[in-house]
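Please read the points below with the sequence and the model open beside you.

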Amino acid sequence: MELMEQYRRAQDGLDAVLAAVPDDRWDVPSMCAEWTVRDVAGHLIWGQWQLRAWAAGEPDPDRSGAPGSPRPGTWTGDDPVETWRKARAASVPALTGEALARTTTITGIGEVPLAAVVPLMITDTVVHSWDVGHALGMDLRLDADLVALAADWARQHVVRRPGFFGPEVTPPPDADEQTRMLAFVGRRV
């Protein structure tokens with residue numbers, strides 16, 4: 001399953017970024033309006049539990065980590081990296097071939113096969129990895145294949161409204177693929 005391998009690589013990239021966050025930097029502003037680095041991590045942790053719920057046919061977790069939530073950082077607990085790793089470890093095994101073929105109802109989207117949600121999760125993970133890294137001054141080079149996947153997904157599905165993606169930013173004429181993708185989803189590089 002190439003898609004699941006791509007998702008694993010996106011998660012590995014995020015894991016490395018989160019592991020590099022100094023203890024005293026979790027509450028600094030992120031590149032997401034009104035969210036701290038902790039809030040971004042909380043949103044991504046919530047996403048793991050949401051994906052698991054869809055895959056396992058379980059009730060959705062509370063929406064406090066959903067896009068646009070005011071303080072998703074509450075999902076991180078005392079150790080954001082360990083909380084991320086536990087959520088990831090609980091989610092991934094639920095993503096079986098059978099589960100990915102199952103349709104699920106997603107608020108604002110409707111009925112879709114769960115496999116169609118994985119590119120969204122990859123995009124979210126890749127973009128938010130950059131959001132955290134950039135907020136902390138890291139020169140983060142994202143996986144080129146994942147950047148291409150995220151750019152393709154975003155061009156077909158991006159939702160531009162507060163709490164989701166901002167207005168497209170014009171990239172410099174000599175911008176690389178990463179910069180163009182990030183500009184398309186509203187990030188100033």
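1. Of the 18 residues of helix H5, 16 are buried, so this helix is largely enclosed by the rest of the structure. Here a residue is called buried when its relative accessible area is under 20%, exposed when it is over 50%, and partly exposed in between, using a 1.4 Å probe and the protein chains only. Helices (H or I, at least four residues) and strands (E, at least two) are DSSP runs, numbered from the N terminus.

2. Before going further, note that this is a predicted model, in which local features need pLDDT of at least 70 and side-chain atom pairs count only at pLDDT 80 or more, while totals for chains, interfaces and linings use all residues. Residues are numbered from 1 along each chain as its sequence is written, and side-chain values use heavy atoms, with hydrogens and water left out.

3. How far should helix H5 reach from end to end? At 1.5 Å a residue, the 18 residues of H5 (residues 118-135) should span 26 Å, and the end C-alpha atoms are 25 Å apart, which agrees. The expected span is taken as 1.5 Å times one less than the number of residues in the helix. After H5 comes Gly137, which has a positive phi, near 80°.

4. Asp131 is a residue of helix H5, and with a relative accessibility of 0% it counts as buried. Leaving aside residues up to four places away in sequence, Asp131 touches Met31, Cys32 and Arg187, where a contact means heavy atoms within 4.5 Å.

5. Turning to the whole chain, there are seven helices and two strands, and along the sequence they follow the pattern α-α-α-α-β-β-α-α-α. The radius of gyration of the chain is 16 Å, close to the 16 Å that the globule rule gives for 189 residues, so the chain is as compact as a globular protein of that length. This radius is taken over C-alpha atoms, and the globule rule is 2.2 Å times the number of residues to the power 0.38. Along the principal axes, the C-alpha atoms fill a box of roughly 45 × 35 × 30 Å.

6. Buried residues make up 49% of the 189 residues in the chain. Among contacts between residues at least 6 apart in sequence, 65% join residues at least 24 apart. The chain exposes about 9,300 Å², of which carbon and sulfur atoms supply 54%; accessible areas come from the Shrake-Rupley method with a 1.4 Å probe, and for residues only the protein chains shown count as cover.

7. Six of the eight residues of H7 are buried, so H7 is largely enclosed by the rest of the structure. The buried residues of H7 are Gln178, Thr179, Met181, Leu182, Ala183 and Phe184, and what covers them includes H5 and H6. H7 is followed by Gly186, whose phi is positive, near 95°.

8. Which residues does Val37 touch? Val37 lies in helix H2 and is buried, with a relative accessible area of 0%. Not counting residues up to four places away in sequence, Val37 touches Val21, Arg25, Trp26, Val28, Pro29, Ser30, Val132, Ala135 and Leu136. Val37 and Trp26 are eleven residues apart in sequence, and their C-alpha atoms are 5.2 Å apart in space.

9. Two residues of the loop between helix H1 (2-19) and helix H2 (37-56) deserve a look: one is Glu34, and another is Asp24. Is Glu34 buried or exposed? Glu34 is exposed, with a relative accessible area of 71%, and its phi is near 70°, a positive value in a residue other than glycine. Asp24, at 64% relative accessibility, also counts as exposed. Asp24 and Val158 are 134 residues apart in sequence and 33 Å apart in space, C-alpha to C-alpha.

10. Phe165 lies in the loop between helix H6 (144-157) and helix H7 (177-184). From Phe165 to Asp15 there are 150 residues in sequence and 22 Å in space, C-alpha to C-alpha.
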